[in-house]
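Hi everyone, thanks for coming. Please have a look at the structure on the screen, and then I'll walk you through a few parts of it.

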Amino acid sequence: MATGWNFHELYLWHDNGNAALFYQPGLVIEPGEHAENANTKRRFRNLIEVSGLSEKLVAIRSEPVTEDDLALFHDRDYIRRVRARSKEHGDRGYSTPYGKGSYEIACLAAGGTSSLMDAVLKGEVDNGYALVRPPGHHAERGRGLGFCLFGNVPVAILKNRLRHKFGRVATVDWDVHHGNGTQSAFYSDPSVLTISIHQEGLYPHDSGRLEERGEGEGKGYNINIPLPAGCGHGAYIAAFERVVLPVLRRYRPDLIVVPSGFDASAADPLGRMMLHSETYREMTHMLMDAAAELCGGRLVMSHEGGYSAAYVPYCGLAVLEQLSGIRTEIDDPFLAGFVAYPGQELRPHQEAAIQQAAELVDAIA
Ligand SMILES: [Zn+2]
């Protein structure tokens, strides 16, 4: 089995400035570090290297996407505005700050995801992970949102659809926040089924509801699984078994793509869930089984959120070990503690939320 791995040093040079979590400093907020900083990603990359896994993965080069590629999803006005500001000083807006050169770096990030997808579709690798930055799943057609400038996954799907004749794609977004950007990109498109499992009402506050099911020909092909805060391993595994996997089996995609955030982990400062590395390993395992059954194992992951610099690397290592079938000698030092948290098992109110989402499965044709 060959697993692709995309990373570029420039991903870490995207500069979203000084902040306390995500608020800019001022007279009442002491300067600090932005939640979406390079450290989480750097330490993830470093652990993959220290574990010895990186030399067993197939390095996928980042080929930057062009303005025309971005325009498959985004408005030209928006693209050009980001490019112009990035050439000067960037933009210090609240939701998606960026610095000088961030346009080129964002093109490289969308390009890394796209190149990995291309390699999987060509059969050069079986599956893979693109550790890109800035993230993409909140970016909408005409605006950046939630630390995301451009939709890495939508742009990669739309670009690859032009050069590979594949039919259906399913995205499974396990970031703790709603994948609103990916949802919006394919809301009326039945050839891309979008699934998002996330903490209810977290971000964006007004999206990610069960009732958002797609429109027009795409009606029924958007599945949101909003879960109450406090869910652990049991709730996520149940949501996969009862909703995600049945949806995939009914839809029968030719490719599965995961916008992958590790902010549903027990250590995350922005999410209020309790997952640990074994949950991510198990979810990856289940998606690999589904991909093997449905689409020749074709599974592409593109990095999104995850804000615990200490813990993201161990979740990422578990996913990469599972994808590649190679178990390294590094054990997750946090695992026993997180597994012991009360409430890791499925609770009745969580089951009720999952049951509501499971009722959407039958609408998939
Ligand atoms: Zn997130």
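**The zinc site, the sheet and the rings**

Let's start with two residues: His-177 and Asp-263 are both buried, where buried means under 20% relative accessible area, exposed over 50% and partly exposed in between, with a 1.4 Å probe and protein chains only. Before I go on, this is a predicted model: local features need pLDDT of at least 70, side-chain atom pairs count only at pLDDT 80 or more, and totals for chains, interfaces and linings use all residues. Residues are numbered from 1 along each chain as its sequence is written, and side-chain values use heavy atoms, leaving out hydrogens and water.

So what coordinates the zinc ion? The donors are Asp-175 (OD), Asp-175 (OD), His-177 (ND1) and Asp-263 (OD), at 2.0 to 2.7 Å. Donors here are N, O and S atoms within 2.8 Å of the metal (3.2 Å for Na, K and Ca); water is not among the atoms, so sites may look incomplete. Along the chain, the spacing of the zinc donors is D-x1-H-x85-D. His-177 sits in the loop between E4 and helix H6 (180-185), and Asp-263 in the loop between E7 and H8, so this pair links distant parts of the chain, 86 residues apart. Helices (H or I, at least four residues) and strands (E, at least two) are DSSP runs, numbered from the N terminus.

Now the sheet. Eight strands form an open sheet with parallel pairing, in the order E2-E1-E3-E8-E7-E4-E5-E6. Two strands pair if DSSP finds at least two bridges between them. Strand E2 (58-59) and strand E6 (222-227) are at the edges with a single partner strand each, so one side of each has no neighbour in the sheet. Further in, five bridges join the parallel strands E7 (residues 255-260) and E8 (residues 299-303), and Pro-259 stands opposite Ser-302 in E8.

Last, the aromatic rings. A search of the whole structure finds 20 aromatic pairs. Rings of Phe, Tyr and Trp (its six-membered ring) pair if their centres lie within 6.5 Å; planes under 30 degrees apart count as stacked, over 60 as edge-to-face and the rest as tilted. Phe-147 and Tyr-307 have ring centres 5.9 Å apart and planes at 85°, so they are edge-to-face. Both Phe-147 and Tyr-307 are buried. Finally, ring pairs link Trp-5, Phe-44, Tyr-129, Trp-174, Phe-262 and Tyr-280 into a cluster.
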